[in-house]
Amino acid sequence: MGKLARRVKRYFELGRVFSAMLTAGAAILGAYSVGVVVHWWQIVVFCAVGFFSHAFGCALNEICDYELDKKVPEISHKPLVKGDISLVQGFSFTLFCIFVSYVLVIWFFPNRTTLIFFTLANVFAAAYSLKGKYTPWAYDVTLAIGLFFYVLYGASAVGEFGGIRETLLYPMAIVAAIIIFLFEVFIQWGNAVKDVETDRLLNVPTRAVVWGYTHDQNLGLRDKNLLFGVIIKYFLIVMFLVPFLLDSIGVVNFEFTLYFYGLPLYLVIFLVIGLPSQLYSIYKMIGRHTRSSYIGFIVKDGVLTWLACPFLVVDNIGILGAIGLFLLPSIWFLFITTMLYRTPMRPGL
């Protein structure tokens, strides 16, 4: 690998761009939740903006965590910690990424409401790194709030909302945003229990640290950490079921068009795949875990939860489109890792 390629690889690692299409996918999900035609070029722009805005948030997080990361031997390979990229270069990279993302949004989606939602998403992403990660409860929800607004940015970009209040006329956009919010809150729950030993040493006030969880104890039914995770999953399941309530009361701008044996196709897919997978995750949360087992659990749960998300908009995107949106993050991950490492899996991931 040449010097330039190695340099690009390290910047990609700094921005954690391997998962950038999950961020882009949130905006695409928001776009399809409005019920209008989403053009191919808009999908491409969402992916490009997702790449740069994701890299901005992750690189900023790496910069803010630099001093703490130096104290953890397991992550000594990180670009900043190892010294392959300086703090000045890292900061320049974050400014470049956020600048490009705004240029793309303003150029292709010149709408005031779109810009407001996009800005709020980036503000909360930055707040997580600058302050939220070290503030009780803010750790759990700050980044999730940013993704909530990221979904609405995607919805307003194609819906061209004249004002923020007009968003309320598209209840599926709000449902999609809340689901992505809860999705991220649960990911943060998983990261908190996974990294509890390190976070305790670094005084990061996650719920797992505050509630005294350790990897050598069982997560039982009376444990606050388990109850918190179950509550998140409960509300996630409820939000996945909300579309059927909206359909039954005839909410404006919402209706199912695809049916399977008399039932809405989305309902069938959720009952067959979505609900069992969420209940399975709740079951797997119980008991004793190690950091490595938590990593496997978080990855599996993330894949299964994301699988249900594109089918929220299956009536607008179609079955093949929903499958494509589900596969987008995985295909992107395999493409990037194969291009940089000549292997479909990133070493040391």
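User: Which residues line the second largest cavity?
Analyst: This is a predicted model: local features need pLDDT of at least 70, side-chain atom pairs count only at pLDDT 80 or more, and totals for chains, interfaces and linings use all residues. Numbering runs from 1 along each chain as its sequence is written, and side-chain values use heavy atoms, with hydrogens and water left out. A cavity is a set of points on a 1 Å grid over the protein atoms alone where a 1.4 Å probe fits but cannot get out, and lining residues have an atom within 4 Å of a point. By that test the lining consists of Asp140, Trp189, Ala192, Val193, Arg207, Ala208, Asn225 and Phe228.

User: Which element gives the most to the lining of the second largest cavity?
Analyst: Helix 9, helix 11 (207-210) and helix 12 (224-248) each give two or more residues to this lining. Helices here are DSSP runs (H or I, at least four residues), numbered from the N terminus. The most, three residues, comes from helix 9.

User: How do the residues of the lining of the second largest cavity divide?
Analyst: The cavity itself has a volume of about 30 Å³. Among the classes, Asp, Glu, Lys and Arg count as charged, and Gly as polar. The lining divides into five nonpolar, one polar and two charged.

User: What is the volume of the largest cavity?
Analyst: Two cavities of 30 Å³ or more are counted. The largest is lined by Phe183, Phe186, Ile187, Gly190, Phe297, Ile298, Asp301 and Gly302. Helix 9 and helix 14 (291-308) are the elements that give two or more residues to that lining. Its volume is about 40 Å³.

User: Why does Gln188 count as buried?
Analyst: Gln188 lies in helix 9 (residues 171-194). Buried means under 20% relative accessible area (1.4 Å probe, protein chains only). Gln188 qualifies because its relative accessible area is 3%.

User: With which side chain does the side chain of Gln188 make a polar contact?
Analyst: Beyond four places in sequence, Gln188 touches Tyr128, Tyr139 and Asp140, where contact means heavy atoms within 4.5 Å. A polar contact needs N or O atoms within 3.5 Å, with one able to donate a hydrogen and the other to accept it. At 3.3 Å, the partner is Tyr128.

User: Which residues is Leu147 in contact with, leaving aside its neighbours within four places in sequence?
Analyst: Leu147 lies in helix 8 (residues 138-159). Leu147 is buried, at 17% relative accessible area. Its contacts are Ile180 and Glu184.

User: How far apart in space are Leu147 and Ala125, C-alpha to C-alpha?
Analyst: In sequence, Leu147 and Ala125 are 22 residues apart. In space, their C-alpha to C-alpha distance is 8.1 Å.

Methods. Buried < 20%, exposed > 50% of the residue type's maximum accessible area, 1.4 Å probe, protein only. 1 Å grid on protein atoms, 1.4 Å probe; cavity = no way out; pocket = protein on both sides within 12 Å on 5 of 7 lines; lining within 4 Å. Points joined across faces, edges and corners; volume = space filled by probe spheres on them.
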